[in-house]
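Hello,

Here is the model I promised to pass on to you. Please have it open while you read my notes.

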Amino acid sequence: MTLLIGALTVGLILSLLALGVYITFRIFNFPDITTEGSITLGASIAAVMLVNFHTSPAVATIAGMLGGMVAGAVTGVLHTKFRINGLLAGILVMTALYSVNLRIMGRSNVPLMDVKTLFSHNWFGTDTINVFGWDASAHDVTALLFSLGMALAVVGVLYLFFRTNLGTVMRATGDNDQMVKAQGSDVEWNTILGVSLANGLIALSGALLAQYQGFSDAQMGLGMVVWGLASVIIGEALTGSRSLGLALLGTVMGSILFRELVAIALRWGLNPNDLKLMTAIFVLSALVLPQIVRSLSRKGGRHA
Amino acid sequence: MLELHGIRKTFNAGTVNEVRALQGIDLSIEKGSFVVVLGTNGSGKSTLLNAVAGSFFVDEGTISLSGQNITNWKEHQRAKLIGRVFQSPFSGTAPHMSIAENFALAARRGKHRGLSWALSPKLMHGLRDRVATLRMGLENRLDNAMGSLSGGQRQALTLLMATWLEPQLLLLDEHTAALDPKSADQVIRLTEEVVSRDQLTTLMVTHSMQQAVNLGDRLIMMHRGQILHDLRGADKARLRVEDLLSRFEEIRRREQLDESAALMLSERYV
Ligand SMILES: Nc1ncnc2c1ncn2[C@@H]1O[C@H](COP(=O)(O)OP(=O)(O)O)[C@@H](O)[C@H]1O
Ligand SMILES: [Mg+2]
């Protein structure tokens, strides 16, 4: 039970990262690798604010998110104003962020011991509560509910935002940039804003993750783009729809499901060292399999 | 209204692929006039429209529109004044967004886009009626993705989008070339309707001599990046398809003459 609740909570926290990846990869068609640096940036800013400056957890979390927005904006500017290939722009910022994060933290790992975080609460007043007949730690259940609230709030805000005039033109920017120019909107600015927004969410996810797991680590971003993509792909398989609301919700569900699958696989004896390899293979097959199936059925059709 | 002075544009300058697409264009178009642009393939018609729309900056010359010098304006800034329909039905619309959302984008062409609701009741109300005037039954499909429509339907909607906010200048670049004859007719009829209703200043490129004869009050013929003929008023009204054919024939003959002269010269001297 503890394992399940923990996996659910992490899945929900990382769903914010998955939503960021959804925005760059799916809405903007922009393969943004900044992710791996900005999740750590969010975590390290939040950790240092809490430990060194004793700010309130909410302030630390928001500061982490703002850091991610700046990082994303830098990638966006490199790509649009300096005409650097999108992948390379992200790699440059991600690489730079590795040093920036070490500078912020002053070392490679900052533990969050004895500081109050967003996850220090217990909403139930008792140590354990009964969930469907199981005894669960009330503290863990609070963390789960809080993460759920965060994920749903972010989905709600994104859904509303992408249906405003500004949000609509941002979606169109990824769909047909020629049309967006002809409608008088600045494609470069829209892209910068979008990548910035996405990395803000990703850093928010990092700030929450650091508080939940109790530390920030320079390595925590490793493989996170692929992780986010896996969630997005599972979400698309779950909802099968391109409608905005379902796609956003699907991404959250994809993140949760993927985290559960990983927890189960680890429980069954998957070597944690192989986890990233498995994730990469999973995403690769999700990208390649549909093509193979399509070409097979086309061949089959011709012979028939 | 629209003033072009000494416009030159060379692509890939200084390389083997150098193309002098516009070689000194001077053109002045009065408010409310409907100018048809005709010319051989590669004569620079699209380049002319793109230069006006700001797809690139010209190498030389100045462009002014409605009394403002727009030579150094970026494409999205010029879009405030200019409505456009492209040759490809895919260029003018966002395929994965609904018809209504595409119109929401067009309804704020060149305006500030803030956090107000894109599909406002006000927009939706007017949209239904306007789309119904196309008589394509699309007013009941406003939630459908643009990408699910035919090329003709998309061009008709793109035209409606381009003129939703009345543009100072309407640019049409062979906007019926990719359509089947029936859809092309439909879109041309719609073009006439919209342009005459709003008295829009229009620059329309076409490959169809029939369209060139029937539409507009002025005709420009381009060749090799220059304006070869400029007919207006009674000359334009009197024009028949045969006249255009003979003018093209004349271009062809001159071209051949150039070629044979070049051949003769090269045989003699090279
Ligand atoms: N973006 C571009 N880059 C290089 N060459 C171009 C570009 N746009 C047009 N051209 C060239 O300029 C010439 C004129 O093209 P265009 O204006 O498209 O002709 P058309 O009259 O058929 O519309 C052609 O030779 C074309 O190949
Ligand atoms: Mg052309």
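Below are my notes on the chain contact, the ligand site and a few single residues.

First, the ground rules. This is a predicted model, so local features need pLDDT of at least 70 and side-chain atom pairs count only at pLDDT 80 or more, while totals for chains, interfaces and linings use all residues. Residues are numbered from 1 along each chain as its sequence is written, chains are lettered from A and ligands numbered from 1 in the order in which they are written, and side-chain values use heavy atoms, with hydrogens and water left out.

**Where chain B meets chain A**

Chain B brings 30 residues to the contact and chain A brings 21 residues, where contact means heavy atoms within 4.5 Å. Between them the two chains bury about 2,400 Å², with 57% of it on carbon and sulfur atoms; buried area is the accessible area (1.4 Å probe) that two parts lose on being put together, summed over both. On the chain B side, the residues that lose the most area to chain A are His76(B), Arg113(B) and Trp117(B), which together make up 26% of what that side buries.

The count between chain B and chain A is 1 salt bridge, meaning a side-chain nitrogen of Lys or Arg within 4 Å of a carboxyl oxygen of Asp or Glu. The side chains of Glu101(B) and Arg171(A) meet in a salt bridge, at 2.7 Å from N to O.

Helices (H or I, at least four residues) and strands (E, at least two) are DSSP runs, numbered from the N terminus. The largest share, 5 residues, comes from α3(B).

**Around ligand 1**

The residues around ligand 1 include Phe11(B), Asn12(B), Gly44(B), Ser46(B) and Thr47(B), each with a heavy atom within 4 Å of the ligand. A polar side-chain atom of Thr47(B) lies 2.5 Å from an oxygen atom of ligand 1, and one of Ser46(B) lies 2.8 Å from an oxygen atom of the ligand. Gly44(B) has a backbone N or O atom 3.0 Å from an oxygen atom of ligand 1. Both β2 (19–29) and α1 (45–53) of chain B supply at least two residues of the shell, and α1(B) gives the most, with 3 residues.

**Two further spots**

In chain A, the side chains of Glu236(A) and Arg26(A) meet in a salt bridge (2.6 Å, N to O). Glu236(A) lies in helix α9 (residues 224–239) and Arg26(A) in helix α1 (residues 2–27) of chain A, so the pair ties together parts that are 210 residues apart in sequence.

Gly110(B) is found in the loop between α3 and α4 (121–132) of chain B. Leaving aside its neighbours within four places in sequence, Gly110(B) is in contact with Gln183(A), Gly184(A) and Lys80(B).

Best wishes

Methods. A polar contact is a pair of N or O atoms within 3.5 Å; within protein, one must be able to donate a hydrogen and the other to accept it, and residues adjacent in sequence count only if both atoms are side-chain atoms.
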